[in-house]
Amino acid sequence: MNGKKRNTLSAWVCNIPALAFAGSIVVFPIIYTAYISLTNMNVYHWFDFAVIGFKNYISALSVVDSGFLRALGLTVLWTALNMILQLVIAFVMASLLNIEKLRPRKVYKTLLMFPWAMPGYVSILLWKNGMFNPQFGLLNQWLSGWGSEPVRWLAGDVLAFICCLVVNLWLALPFMIMIMDGALQSVDKSYYENAMLDGAGWFTRQIRLTVPAITPIIAPAVVITLFTTFKQFDVIYLLTQQVGAKTGANIHTVLTYAYENAFVTNNYGFSSAVSIIIFLLLISFALLSKIRRPGNEKNI
Amino acid sequence: MKRFILFILAITAMLSLPACGGDESGGEGKGLGLVIWHDKEDAVAAALQAELDTLKPDINVRLEKKNGLTEALKMVGNDPKAAPDFYFFAHDKLGVYAEMGILSPITELVDKAALGGFLPMTIEAATYKGAVYQLPIYFETLLFMYNRALMPDDEVPATTEELYSFMASGAGGKYGFIEQHSTAYYSAGWIHGFGGGIVTEDGVPLLDTPETVKALEYHGKFVERMPGESEYATVNTLFREGRAASTIGGPWLVPTARESGIDLGLAPMPVVDETGLPIAPYSGVQGLHVLKVAADNPEKNAAIREVLKLLLNPGIGAAMAKASGCAPALEACYDADDIKNDSLVMMMRQTAEKAVPMPNIPEMDVMWNVVSNLLVDINMRGRDAAEAAADAQKNAWDLIKAMK
């Protein structure tokens, strides 16, 4: 065995514990879910379940009805709007944080990180009861002070969707601002000096210089956020769909829809099949984002 | 050498971790240990623990508060090493666990004659497919509550039309009546008042029956005079702040309402004029369930019998009912003066005579959500009741079929 082969082998041996650990916490649950999706594990066959082939997948396709397709469309819209707004707002905020003469920069950064430090569940319910509640919420208190009629913020589909969007942005922006801030600080200042000498204005500098320079740095964060937003459950569910606290809005993401139409059945085989279908949908999106487009060698 | 010592220390620490898992005997002392999972408030747990401690030193019973109790039981309910010996919870989940095969019928562990001392409604609630799976301790149901400052005793409505007239009269600029109108648990009372239902004991949804549809339509006119939101926090806060004259609420609302300075009155549920039946809410029976893995353990079986025998003592039922603000399940408890003189407990018993035990069949798990969606469709989105009920019925069937 030559030295190169020995090095490769020892590298693999050293990595085995890490690979086994990652495999056990990431890959095994997926494989196990796929296995359960092929069984009849439900309340009536909890411990004596058996493999039943693809029956659950045939049943799961019944969930893919017009309601599911509407939820899928809404999820895509939700993801796209969230990503666009997050990137634009985070870019603006991070740029403002990087103004040279900004003195209390650390104070601003700390304040901007605050939503990230709070548990999501608490934040969402605080928004629901503290801000949007028509009887006691701050927004209607303000409206009432101005002599306006109270608004049921979470009752109508469009208004509720916008409210959910606001809450999700509040929760997600700290992460994106932090990444964007780091990316902006990594850009060599001499590029800007050269560009200014060449007569480039502020807008041109941002489009031609900043955006290409930070794209590879923020790309992983964008991908992570993209998937987190696509499989969002808690914001929409807790604000509008929680059992006992439904608000009247009929907005569903793929996951909240699947929850109401599959997971409540206590049929783990069926629910696992729905989960695998959603998982495959997500994988498809991931693969789509990997497709190399002509003239675009670098892909997110 | 330093690294080697650190390595040895790390291994020692790892090996000693299981010792932090607690005493497998279930408590201090040398007696046989038993564990009860529960999700109850501290006062209830303390009352139960105090009684169970009388079994020491032969039997040590430890109460363990468990978050996500219902899901945890699904995961470990048949694992002798991880499952508790009992769990203390409402009766509505016992059908799920009985079907899963993790529960032992109580009748195999206590004298059947002893069950004759319970209020019939509580035994009915504890029975699934002919077997009794719960030893009932106390029960709760919704009550008609009113604020005497806004609704004098002589204006308390005896019928639903009187209630509607009170609401329509303006109630001094306050809400005349509020409730969690689009929540299945609260609206079920109205449906039962029309002779309708949510699901039969055989798992057949009843959402599109004429009685249920009629109830939903009738209920709608009351909802129009309530706030749009129907969640717990809003409804209870409005009542506690004196912005609503009356409500239908659980016993858990009584202490906070009194603390808020409300002169609280309790009254029988109004009778639906059209049917002559009162609004009949669901009742929930809290009690002890025995896990099959524990009952099948020869070492534990005798101790489990002792625990159940102890809990047949009316004194315990009364103590726990007082701690929870609910009504005891044992008839004999009502001989005690402090129970007889407790207006809350006695009103709960009176209401419970007409109340309907929450269905304990597995199908009910999906019905909560279906009915909530139906109520939201009608009350908040303005859909036609018959049309929405037909859609909900189909949805209920789809989900019930998907359970199997």
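Residues are numbered from 1 along each chain as its sequence is written, and chains are lettered from A in the order in which they are written. Because the model is predicted, local features need pLDDT of at least 70 and side-chain atom pairs count only at pLDDT 80 or more, whereas totals for chains, interfaces and linings use all residues.

**Exercise 1. Describe the make-up and extent of chain A.**

Step 1. Chain A holds 12 helices and zero strands, where helices (H or I, at least four residues) and strands (E, at least two) are DSSP runs numbered from the N terminus.

Step 2. The radius of gyration of chain A is 24 Å, while a compact globule of 300 residues would have a value near 19 Å; this radius is taken over C-alpha atoms, and the globule rule is 2.2 Å times the number of residues to the power 0.38.

Step 3. Along its principal axes, the C-alpha trace of chain A spans about 85 × 75 × 35 Å.

**Exercise 2. Explain why helix 10 of chain A is described as largely enclosed.**

Step 1. A residue is buried if 20 or more other C-beta atoms lie within 10 Å of its own, exposed if 12 or fewer, and partly exposed in between, with C-beta atoms placed from the backbone.

Step 2. In helix 10 (residues 234-241) of chain A, six of the eight residues are buried, so the helix is largely enclosed by the rest of the structure. The buried residues are A:Val235, A:Ile236, A:Leu238, A:Leu239, A:Thr240 and A:Gln241.

Step 3. The cover over these buried residues includes helix 5 (120-132), helix 7 (157-186) and helix 11 (254-261) of chain A.

**Exercise 3. Place B:Tyr133 in chain B and list the residues that it touches.**

Step 1. B:Tyr133 sits in the loop between strand 6 (131-132) and strand 7 (135-141) of chain B, and B:Tyr133 counts as buried because it has 22 C-beta neighbours inside 10 Å.

Step 2. Leaving aside residues up to four places away in sequence, B:Tyr133 touches B:Leu94, B:Ala98, B:Leu103, B:Pro105, B:Ile106, B:Ala126, B:Tyr128 and B:His289; two residues are in contact if their C-beta atoms, placed from the backbone, lie within 7 Å.

**Exercise 4. Work out the strand order and pairing of the sheet 9-8-10 in chain B.**

Step 1. This open sheet of three strands has the order 9-8-10, with antiparallel pairing, and two strands pair if DSSP finds at least two bridges between them.

Step 2. Strand 9 (246-249) and strand 10 (264-267) of chain B are the edge strands, each pairing on one side only.

Step 3. Four bridges join strand 8 (residues 143-147) of chain B to strand 9, and B:Leu143 has B:Gly249 as its bridge partner in strand 9.

**Exercise 5. Characterise the side of chain B that touches chain A.**

Step 1. The contact takes 30 residues from chain B and 25 residues from chain A.

Step 2. Helix 4 (94-100), helix 9 (232-240), helix 16 (364-379) and helix 17 (385-402) of chain B each supply at least two residues of this side, and the largest share, six residues, comes from helix 16.

Step 3. By class, the residues on this side of chain B divide into 14 nonpolar, 10 polar and six charged, where Ala, Val, Leu, Ile, Met, Phe, Trp, Tyr, Cys and Pro count as nonpolar, Asp, Glu, Lys and Arg as charged, and the others, Gly among them, as polar.
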